[in-house]
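Work through the exercises below with the sequence and the model open. Each task is followed by a stepwise solution.

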Amino acid sequence: YTITSVGYGDIGPKNIVETVVCTCMIVISGISWAVVLGQVCGTISNLNADEQAFRSIMDELNIMMSDRVMPGDMRRRLRSFFLSNKLAQRRARHQRVIKAMSPGLQGEVVMELNRVWLTKVTFLSSLLQEAEISNFGSYFYSFVVDVSVKMETAFHAQSEVFGLVQALYILSRGLVSRHGRLHSAGAVWGQDFVLSDQKLLEPSQCLALTYVEAMFLKREDFFELVELHKEECPGLKRKVRRFCCWLAFQRAFIREAKKRLRRQARKQARKRERDNLEAECVMGTPSQSPREDNEKDDTLSKGVYRFADDASEAWETDKWDATSVTPSAT
């Protein structure tokens, strides 16, 4: 008998001993064949575990949409999101592998994966340079690694509005429209997340033009890491404070400049209206219809009232100039 329990033609056992031996061979060969088949099937099924997990999720999604009787448009959007999210699920499993590494290897791998966007963040880039020349370089390096590990990942479907206040964002994939600007993969925004005054922050809301994967870091988590490393990294807290003060000064300066420009534009607009009103009063253009006469009377009365309000405001603020009141306006 061979391992497949197929005999050699008409050759068979002739006595009880041969029968027992053949029976044992058949049982052992059958078990061995079953084990070999099971191992081969298991190896083939585990060749692509990510694909198997993705198919399992898609099967569950299809069952859920069928049970809940979802409309066709929503079904297409859900399938499109999960198809785009396939790579993100694989990266999430990679994070579990990274967490299983030693602290040293974990830091090296994280820095290698995040070095591109770290150089785009002004404060973290300066810390990396400090780590190369300082005697406490390893501690600064450890702080940057912890910041990278602390980053969270968010996924957003197309046409979805997102954006947390006081959070640093790094765009990993997709296109985003923010504050009249278009951001692609690798873009960084929200570097002002360290400021406490929200009036000095740039708008945080974003619109996902495509499927978007973004990493973000909250202000509370960042300062928690600063407090954790302040003993090991001398001067770290002072550097963060200096960066906050400099950024706050820049934003406050820009805000005050915009405020003064708006104030100046309003004054110029009022001056033009007043000059036009005075010119109409002096010229005295003839009316062509009663309706036009009524409209001009209304315009004149509104201009006179507005001019009177401006004059009263100037009087209350001790900035009254008698020469600014012309006889035609009074």
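**Exercise 1.** Classify Arg251 as buried or exposed, and list its contacts away from its sequence neighbours.

*Solution.* The model is a predicted one.
- Step 1: locate the residue. Arg251 belongs to helix 9, which covers residues 236-283.
- Step 2: apply the cut-off. A residue counts as buried under 20% relative accessible area. Arg251 has 18%, so Arg251 is buried.
- Step 3: leave out neighbours within four places in sequence. Arg251 then contacts Asp192, Leu195, Leu200, Leu201 and Glu202.

**Exercise 2.** Compare the span of helix 4 with the expected value, then find where its buried residues lie around the axis.

*Solution.* 
- Step 1: take the span. Helix 4 (residues 86-99) has 14 residues, and from first to last C-alpha it reaches 21 Å. At 1.5 Å a residue, 20 Å is expected, and the span is close to that.
- Step 2: pick out the buried residues of helix 4, which are Ala88, Gln89 and Ile98.
- Step 3: look down the axis. The buried residues of helix 4 fall within an arc of 165°, so they line one face of the helix.
- Step 4: check the other side of helix 4, where Arg96 and Val97 are exposed.
- Step 5: identify the packing partners. The buried residues of helix 4 pack against helix 2 (49-67), helix 3 (72-84), helix 5 (103-118), strand 1 (152-156) and strand 8 (212-218).

**Exercise 3.** What percentage of the residues of the protein count as buried?

*Solution.* 
- Step 1: the protein has 330 residues, and 27% of them count as buried.
- Step 2: The protein exposes about 22500 Å², with 56% supplied by carbon and sulfur atoms.

Definitions and conventions. Residues are numbered from 1 along each chain as its sequence is written. This is a predicted model: local features need pLDDT of at least 70, side-chain atom pairs count only at pLDDT 80 or more; totals for chains, interfaces and linings use all residues. Side-chain values use heavy atoms; hydrogens and water are left out. Buried means under 20% relative accessible area, exposed over 50%, partly exposed in between (1.4 Å probe, protein chains only). Accessible areas come from the Shrake-Rupley method with a 1.4 Å probe; for residues, only the protein chains shown count as cover. Helices (H or I, at least four residues) and strands (E, at least two) are DSSP runs, numbered from the N terminus. The expected span of a helix is 1.5 Å times one less than its number of residues. The arc is that of the directions from the helix axis to the C-beta atoms. Contact means heavy atoms within 4.5 Å.
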